[in-house]
Amino acid sequence: MKKKVVVNIGFWLLVAIMGGCIAVVLWAWPFMPNKPAEQQSAHYTGVLELWNVESFEGGSGSRSSWLTSVASKFEQQNKGLFVHVTNLTVEQMQQKLADGQSYDLISFSRGVGCLLTDLAELNTSVGDLLPNMVVAGQQGGKQYAIPYYAGAYCLFARSNQLAQDELLENALTATYLRKVGKNQIVLQPLLCGFTPYNSPLSALAMSVAKGSANVKQNTQYSAYELFLGNKTAVTLLGTQRDIYRLSKRVEMDKIEPLSFCALGGYTDLVQFVAVSKNVAEKMQSCQEFVQYLVDKTTQQRLVDINMFSVRGDVSLYTADWYKDCEQLLANSYVPNVFATMEDIENGRKTAISTMRM
C-alpha cells in the first residue's frame, strides 16, 4: 500500500512540473524571436545574355564553343541561372544595338570598345591578372572591362631563306631569289595579316625591327596562304593562329623547317568582358561570371583553344613557340581596348615611322 501511494505522488508531481513548464512556455512565447525564414539565394535565376564579338583570329577551334562550355560549368554552380552566348561580328552587334536589343555581358576586343557606351564599373578582383592587360580595360581610372584571354604576334620564315638568329633584325629587309620552273622570282621581305582593328606592325616596331614597312594589307588568312605558296615574301608576320597552322604542317613535313621569333613588345589581340550598367538585379551574377572567366581553373582551359592566359600565375605550354609567346606577354604593351578608330590608325602610322627611323 505504501508503495502505491509513493507511485501516485510521483506521478502527480511529474504532471505538475510538466504543466508548469508548458505555462512558462506559453507565457514567454509572444516575447520569443521569430524563427528566421529560409535564406533566399542572392543569385539571379533566369538568363544572362552574353554577346561574343570576335574581331581577330583565335588559336584553334571555336572560341564561342569554349565560352559556351565555360558558361555551362558556371551554370552547374548556380542552379536556375543560364548564360546564353550569341556569337556576333562587329556589324551584327551594331545592328542589334540599333534595333534596340540589349546584352547583359559582352565579350569584345579593340575596335569594339569605342562603340559601347553603357558599361558598368566592375568590382572584379584583378590581383592575379597581368597588370599590363588590366589597365587596358580602364577609362578614367575605373575598370569597365576585364581581359580574359590573349593572343600574340610572331614572325616565321623558311630557315633556308632566313636564319632564326637573323629573323627579327632582317624581317623588313631580307629578300630571296627563288627559282620557279624556268623562271626566277624575288621574294619580298614581309607578308602581314591585318584586321580592321589591329596594328601588327606596332608589334614589329616595338620589338626594335628596322626597315621600310611597305606591306600590303592582306587579311590574316590570306597572308598565311601567300606564305605557304612561297612566291611572295620571305617572312610572315602572323599570330597564335599561324603558330597552330604552321606547327601542324612542320610536324607532318608539309612545309620546310621554319625560323620563328615571338614579338613581345606589343599585343592588341586581347579579349575583354564587360557588363551592361542596365542589368539591375542581374548585376551580382554578371560580376560573378566575369570573376569565373578569370579564375585559375578556367584560365587553364584556354589550352583547349590555343590562346594565352591573362593571369601571371598560369603557364599553359611546353612547346617552344607557344612558350616563347607566353613568357613575353607579361611585359607587352597592351593598348586601351576603348581606343577609337582614329587612335588605331594613328598607331599604325607611328609604327611605320618608328621603323624607318
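This is a predicted model: local features need pLDDT of at least 70, side-chain atom pairs count only at pLDDT 80 or more; totals for chains, interfaces and linings use all residues.
**Figure 1. Packing of helix α2 against helix α9.** Helix α2 spans residues 63-77 and helix α9 spans residues 283-293. Their axes come within 11 Å and cross at roughly 120°. Angles of 65 to 115 degrees count as roughly perpendicular and those over 145 as roughly antiparallel, and α2 and α9 are therefore oblique to each other. The crossing of this pair, α2 and α9, is right-handed. From α2, the contact is made by Trp66, Leu67, Val70, Ala71, Lys73, Phe74 and Gln77. From α9, Ser285, Glu288, Phe289, Tyr292 and Leu293 take part. The contact of α2 with α9 comprises eight nonpolar, two polar and two charged residues.

**Figure 2. Packing of helix α7 against helix α8.** Helix α7 covers residues 220-229, and helix α8 covers residues 240-251. The axes of α7 and α8 are 11 Å apart, at an angle of about 25°. Angles under 35 degrees count as roughly parallel, so α7 and α8 are roughly parallel to each other. The crossing of α7 and α8 is right-handed. On the α7 side, the contact is made by Gln220, Tyr221, Tyr224, Phe227 and Leu228. On the α8 side are Asp242, Arg245, Leu246 and Arg249. By class, five residues of the contact between α7 and α8 are nonpolar, one is polar and three are charged.

**Figure 3. Packing of helix α8 against helix α11.** Helix α11 runs over residues 320-329. The axes of α8 and α11 come within 10 Å and cross at roughly 160°. Angles over 145 degrees count as roughly antiparallel, so α8 and α11 are roughly antiparallel to each other. The crossing of α8 and α11 is right-handed. Helix α8 contributes Gln240, Ile243, Tyr244, Leu246, Ser247 and Val250 to the contact, and α11 contributes Trp321, Tyr322 and Cys325. The contact of α8 with α11 has seven nonpolar residues, two polar and no charged.

**Figure 4. The largest pocket and its lining.** The largest pocket holds about 200 Å³ of space. Its lining consists of Ile243, Tyr244, Ser247, Lys248, Val250, Glu251, Asn306, Tyr317, Ala319, Asp320, Trp321 and Tyr322. Helices α8 and α11 each supply at least two residues of this lining. Helix α8 gives the most, with six residues. Among the lining residues, Ile243, Tyr244, Ser247 and Val250 also belong to the α8 side of the contact with α11. Trp321 and Tyr322 line the pocket and are part of the α11 side of that contact.

Note on methods. Residues are numbered from 1 along each chain as its sequence is written. Side-chain values use heavy atoms; hydrogens and water are left out. Axes are lines fitted to C-alpha atoms, for helices over the stretch in contact, and angles run from 0 to 180 degrees between N-to-C directions. Helices (H or I, at least four residues) and strands (E, at least two) are DSSP runs, numbered from the N terminus. A crossing is left-handed if the near helix is turned anticlockwise from the far one by less than a right angle, and right-handed if clockwise. Contact means heavy atoms within 4.5 Å. Ala, Val, Leu, Ile, Met, Phe, Trp, Tyr, Cys and Pro count as nonpolar, Asp, Glu, Lys and Arg as charged, and the others, Gly among them, as polar. On a 1 Å grid over the protein atoms alone, a cavity is a set of points where a 1.4 Å probe fits but cannot get out, and a pocket is an open set with protein on both sides within 12 Å along at least five of seven lines; lining residues have an atom within 4 Å of a point. Grid points are joined across faces, edges and corners, and a volume is the space filled by probe spheres set on the points.
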